[in-house]
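Here are some friendly notes to read with the model open beside you. Take the points one at a time and find each element on screen as you go.

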Amino acid sequence: MSQPVRVFLSYSHADDEHRVALSSHLRLLERQGLIQPWFDRKILPGQNLDAAIERELERCEVVLFLVSADFLASDYCYGVEMTRAMERHEAGEAIVVPLIVRACDWHSAPFGKLLALPAEGEPVTSWSNQDEAWTNVARELRRLIDDFGGRAATAPAPLPSAQPDPRGYLEALDTKYSWVKLQGMGAKVADRLPLDRIYTRLRVSGGRERQGEGKDRKAEPGLDPRSRAGEENLSLAEVLRDHPSAVLVGDPGSGKTTFLAFAAQKLARAGLGLEEGEVESSLGISGDPPFPIHLRLSELAEFLVDHLENDCRADAPAHLMRYLDHSLRGGLHGLPDGYLRRRLEAGGCFVLLDGLDEVPASIRGRIASLVDQTVAQLQSKNRFLLTCRTRAYEGTACLATLQPLVLADFGPQEVESFVRGWCRALLHVDPSAPDSAAAREAEGYRVKLQEAIDSHPDVAPLTRNPLMLTMLAVVHWNHHKLPEQRAALYAVAVDYLMESRSGQSNYTSLLRREALQALALAMFDDPEGLQRSCGLESAAERVQEILGVADRQAALDFLEDETLFSGLLVSQTAGEVEFWHLTFQEYLAALELASTGDWRELPEETLFADQWNEVILLLGGCLRQKNGVRAAKKLIQKVLVTGRDLPTKARAVGLAGRILRDLRPYGGDPAAGTEYAALLRETLAIFERPTDLDSPLVPETLRIEVGEALGQAGDPRLEEEKLWVDLPGGRFLMGAQSSDPWSDGYDGEAYDEEAPVRWVTLSPFRIGRYPVTVAQFRQFVEDREGGYQDKEIRELEGWAWRENERVTTPGAWSEQLRHPNWPVTKVSWYEADAYCNWRGVQLPTEAQWEFAARGEEGRKYPWGKEDPTEGHVALDGRENTTTPVGIYPLGATPEGIADLAGNVWEWCADRWEEAREGRDLTDPLGPSEGPSRVVRGGSFVYGSRWLRGAFRYGKAPEFRSSRVGFRVVFVTR
């Protein structure tokens with residue numbers, strides 16, 4: 001049977017407990033792909049109840065009436081569902097089966113002459129053992145389905161067309177991607193939950209500008225940077241509306257694969273005519289919904305290795321077409337082999353390409369090039385969306401044809417949305433009964449789960465990752481508390497999954513875990529690179545010795561059991577197994593290394609390889625958890641000895657710092673007695689401008705890692721005596737103009753608001769070398785007698801805002817505290833001004849800020865006139881976030897002032913004025929009135945035009961953004 005039989009359950013809500021019992025007894029049929037049951041609890045929020053029921057009733061092939069007095073008394077069950085079901089039964093379009101759950105007078109009903117279940121129509125509640133009654137029902141339904149003869153008797157009529165009917169293919173996608181699998185979570189929780197119920201809409205970091213739009217305001221007047229600067233992250237659906245072909249980049253567990261599953265299911269349902277309008281609201285696609293084609297790139301790569309074709313280039317798009325034909329071999333879903341290829345060539349498809357990072361590094365560049373050329377040929381008629389982990393999307397893996405869209409972490413709104421949806425799905429809340437007992441129970445549990453997340457400062461940041469948030473929710477459901485460290489979290493999750501169905505295995509949970517550890521590490525340590533899937537025979541060979549069985553079949557049976565019971569292994573492709581998620585594979589591989597001690601033999605290239613990155617970080621936690629602080633210290637020492645010259649020392653310090661940050665919740669200091677602190681200080685040279693201009697810079701990613709490590713250890717660059725730069729003041733030309741190339745201050749990229757150019761005289765002043773950091777602002781937050789509580793340091797307007805908004809910290813403060821040497825952000829002008837008053841300093845005037853950035857000579861950028869590079873600034877949102885201060889050595893001014901371009905926009909003291917005075921001024925303070933304040937300096941999302949020292953715009957003083965911070969000045973006159 002190629003597709004499961006659709007079974008419609010018609011019942012009164014008074015019999016919901018019987019519907020639940022029936023569903024449990026039908027689960028095996030569902031697992032085996034024989035049936036696909038549907039009932040009204042699966043209707044999603046916002047869907048039309050009547051339309052959804054009518055649609056499913058028309059699609060089903062078997063209708064089960066759960067008959068009771070309440071069923072017969074229900075106007076809807078009896079008058080609507082029963083009437084239509086009997087019409088379809090009599091027309092031979094469906095089969096009706098009465099299932100008598102409670103005694104009632106049903107024999108005179110329209111279905112009274114049909115053979116009823118259980119045996120002889122004896123009500124389920126009359127059986128001394130109701131499980132026997134339900135078992136009888138399940139067995140009889142199995143017999144009924146076996147007699148369907150491949151569904152031919154009740155299959156809907158084919159489309160009136162000579163073309164192949166793709167409905168079987170679309171139904172398979174709908175079935176495959178309708179669920180989030182959650183095996184092993186206990187008796188009250190299903191093995192899976194509807195994806196629609198718990199899916200949380202993803203957002204893209206940095207708003208529209210950082211996704212490549214708005215590069216020139218004059219060319220695109222609708223994208224004024226002043227109206228968008230500081231804009232919060234955009235929804236992925238909104239961004240996809242403007243980018244029909246893109247690559248979705250994100251960290252492990254950020255939701256990339258889940259989004260592709262969500263998109264495939266939505267498009268499949270739209271193609272089946274089941275969800276009108278959902279594609280536009282969910283995916284940002286208007287008009288006729290495209291035809292979905294979902295591919296895993298690791299399987300494409302494996303196909304190319306196994307099926308060499310010498311008559312076309314290694315990167316030729318023809319290979320992708322061959323794979324599409326291969327995927328339909330044998331008439332799968334009733335489609336001929338060439339169907340998908342022809343659909344793609346004809347246009348109107350959405351090609352979903354999952355997991356470029358899962359392709360072995362040796363072939364990743366080839367696969368990227370193949371996709372690149374395919375997109376170049378076909379993107380005018382189709383859409384393409386590819387996914388890749390952030391660290392793997394570099395070098396030859398980057399695609400020229402696809403716009404990178406960087407997934408944002410979950411914010412509080414997304415976390416709250418997930419938690420609410422999770423609790424309601426978990427407790428089977430009926431969307432049409434918001435005041436039901438189940439709804440009240442779900443809300444009570446939601447409060448407990450949210451409080452648990454909010455009360456764990458070291459765990460709360462994990463909730464920014466969708467996969468980790470799901471794992472936290474699972475662990476909390478089972479243990480009523482949350483661990484505080486990543487390795488500990490995985491340990492709890494894996495232990496629970498192993499124990500939850502341990503009675504169904506012939507092996508102890510400990511032995512099963514050891515076998516899976518060995519398999520996970522073997523798949524990482526494969527000569528051809530990381531393997532995401534493994535042939536059953538090969539996997540059996542890996543676990544056979546651990547299990548201590550001589551019979552290969554016993555090892556194969558073990559793997560089969562694990563795919564059914566533990567939830568850690570799955571089988572997506574016949575004859576192969578893989579770990580449910582790469583993160584589990586990484587944790588188990590790390591645990592194997594820690595258990596065996598084999599980590600001591602890891603070569604240097606493995607320690608720093610992209611695909612091993614998460615394994616090494618988790619290894620630190622596993623060693624600390626299993627063997628104590630000294631074991632973790634030995635790992636730190638092994639990493640540090642790899643440093644020989646400055647770049648490799650920086651690399652080692654960066655990795656060691658990330659391991660140490662991950663270990664903080666355990667307490668102790670694994671770095672004590674190592675060379676970590678000394679090397680950390682030695683690597684400060686990577687943040688200095690090279691004296692030899694031909695000397696290469698340490699790569700940007702390493703500078704960020706080392707900067708982060710400094711922040712965790714106590715950044716010596718932020719000692720008080722190093723924080724200030726003295727400027728002599730003087731007379732300089734302020735502003736820029738683009739109208740007259742022969743006049744002062746000409747810059748062809750200047751905006752009107754930067755004019756007029758005029759002479760300004762400034763008194764000497766001292767300015768912060770860096771923007772104010774999180775660590776510095778933390779002192780203000782934690783001053784319980786001053787700081788946020790002190791009314792005297794605030795303007796009346798600022799105090800009123802603080803009281804009205806109940807503000808006591810910057811936005812996302814718990815997350816910011818994880819990065820002490822990043823610029824503090826999400827502070828309003830009012831908060832920045834209050835900090836200055838508390839510290840006895842000032843916000844820079846606009847003139848002071850521009851003088852610091854441009855100097856007396858009127859530099860275009862803080863560093864001079866040359867265009868920015870990755871040594872100057874994180875251009876165009878390349879890093880997708882703020883970074884540690886002062887890590888771009890070429891971007892500082894000649895005086896050593898860092899981050900005046902990029903990192904964050906910076907509040908100035910002045911009120912915003914669009915039309916400025918053209919006369920000479922001395923120490924100008926800006927206008928005395930106006931609703932907005934000046935912000936300067938660009939941020940991590942902007943291009944070079946907005947990083948110029950003369951660019952300016954204004955924002956309301958209450959504005960807060962992850963892109964806006966400030967620095968301070970001290971007037972020395």
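Which residues of β3 are buried on one side, and which on the other?

1. **Both faces of a strand.** In β3, Val62, Leu64 and Leu66 lie on one side and Val63, Phe65 and Val67 on the other, and all are buried. Buried here means under 20% relative accessible area, while exposed means over 50% and partly exposed is in between, with a 1.4 Å probe and protein chains only.

2. **What you are looking at.** This is a predicted model, in which local features need pLDDT of at least 70 and side-chain atom pairs count only at pLDDT 80 or more, while totals for chains, interfaces and linings use all residues. Residues are numbered from 1 along each chain as its sequence is written, and side-chain values use heavy atoms, with hydrogens and water left out.

3. **The whole chain.** You can find 35 helices and 26 strands in the chain. Both are DSSP runs numbered from the N terminus: helices are H or I with at least four residues, strands are E with at least two. Of the 973 residues in the chain, 58% are buried. Take the contacts (heavy atoms within 4.5 Å) between residues at least 6 apart in sequence: 73% of them join residues at least 24 apart. The chain exposes about 39,700 Å², and carbon and sulfur atoms supply 48% of that area. Such areas come from the Shrake-Rupley method with a 1.4 Å probe; for residues, only the protein chains shown count as cover.

4. **The neighbours of β3.** Two strands pair if DSSP finds at least two bridges between them. Strand β1 (residues 5-10) runs parallel to β3 and is joined to β3 by 4 bridges; Ser10 has Phe65 as its bridge partner in β3. Strand β4 (residues 95-100) also pairs with β3 in the parallel sense, over 6 bridges. There, Leu64 has Val97 of β4 as its bridge partner.

5. Helix α1 (residues 16-31) and helix α5 (residues 130-146) have axes that come within 9 Å and cross at roughly 50°. Axes are lines fitted to C-alpha atoms, for helices over the stretch in contact, and angles run from 0 to 180 degrees between N-to-C directions. The two helices are therefore oblique to each other: under 35 degrees counts as roughly parallel, over 145 as roughly antiparallel, 65 to 115 as roughly perpendicular and the rest as oblique. Among the residues making the contact are Leu22 and Leu29 of α1, and Trp134 and Leu141 of α5.

6. **A perpendicular pair.** Compare helix α13 (residues 297-306) and helix α16 (residues 361-378), whose axes come within 11 Å and cross at roughly 105°. These two are therefore roughly perpendicular to each other. Leu297, Leu300, Ala301, Leu304 and Val305 of α13 meet Ile363, Arg366, Ile367, Leu370 and Val371 of α16.

7. The order β18-β19-β22 describes an open sheet of 3 strands with mixed pairing. Its edges are β18 (730-734) and β22 (921-922), each with a single partner strand, so one side of each is left without a neighbour in the sheet. Between β18 and strand β19 (residues 758-762) there are 5 bridges in the antiparallel sense, and Phe732 stands opposite Val760 in β19. Helix α35 (residues 846-854) lies across β18 and β19, at about 90° to β18. In α35, 9 of the 9 residues are buried, including Glu846, Trp849 and Arg854. Just after α35, Gly855 takes a positive phi of about 70°.

8. **An antiparallel sheet.** Another open sheet of 3 strands has the order β14-β16-β15 and antiparallel pairing. Strand β15 and strand β16 (residues 576-579) are joined by 2 bridges, with Leu569 opposite Phe579 in β16. Helix α22 (residues 536-547) lies across β14 and β16, running at about 90° to β14.

9. Leaving aside residues up to four places away in sequence, Gln450 touches Val415, Glu416 and Val419.
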